[in-house]
Amino acid sequence: MRIPVAVTVARRPRSARVAAVLAAVLLAAGCSGSPEEEGSSSAAQGTTAEEPAASDGGDSAGGASDEGGKTAAVVPQESYEVTPAPEGFVPPEPCTGEGAFYAELGGEANPGLPERGGEALTVSLESIEGDSAQLMAQVGDSPAREIGPITLGETVAVDLWTLSVTSVCADTEQVEFDLID
């Protein structure tokens, strides 16, 4: 005796299928390198041969996931590289009180920096140690990244903006800088 059974297969939306295909292609491209490249690629992604990559909650056989791929790999953000002051530069006292923009400890740059390429740059002061400041920069909605330590005469390029530190005042917990076009 046969009993009819209805099987319903959940279909992913077209955009999810396209994303899955693109992810598979990127994964395959990443696996085609030499063992040395694969090891460095795994290290750069924060995984090792002994440590599996994060899962989106699907089963290991590639079945559908109820989580919808919400887990994202954490990519470490490198700090913005500071360019040293020009050779022969003799810095004045660190607290000059000069600069078109300033940021106070725990606060954002004031006045706000101009938008460039449709994006905004937010600069905040995290700490001051001696004549050096630890700044954070966030472009648009991207994660904030460290700048620093940075001091008088040094510059940093943050995407479309170049900042030059003109004053580091530990007493008032304030850093001033100019925007170089």
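Q: Why does cysteine 169 count as buried?
A: The model is predicted, so local features need pLDDT of at least 70 and side-chain atom pairs count only at pLDDT 80 or more, while totals for chains, interfaces and linings use all residues. Residues are numbered from 1 along each chain as its sequence is written, and side-chain values use heavy atoms, with hydrogens and water left out. Buried means under 20% relative accessible area, exposed over 50%, and partly exposed in between (1.4 Å probe, protein chains only). Cysteine 169 has 4% relative accessibility, so cysteine 169 counts as buried.

Q: Why is cysteine 95 called partly exposed?
A: Cysteine 95 has 45% relative accessibility and therefore counts as partly exposed.

Q: What makes cysteine 95 and cysteine 169 a disulfide?
A: A disulfide is a pair of cysteine sulfur atoms within 2.5 Å. The sulfur atoms of cysteine 95 and cysteine 169 are 2.0 Å apart, and the two form a disulfide.

Q: Why is the disulfide of cysteine 95 and cysteine 169 called right-handed?
A: The torsion about the S-S bond is about 95°, so the disulfide is right-handed.

Q: Why does threonine 166 count as buried?
A: The relative accessibility of threonine 166 is 17%, so threonine 166 counts as buried.

Q: What is threonine 166 in contact with, leaving aside its neighbours within four places in sequence?
A: Contact means heavy atoms within 4.5 Å. Among the residues in contact with threonine 166 are Glu98, Leu152 and Phe177.
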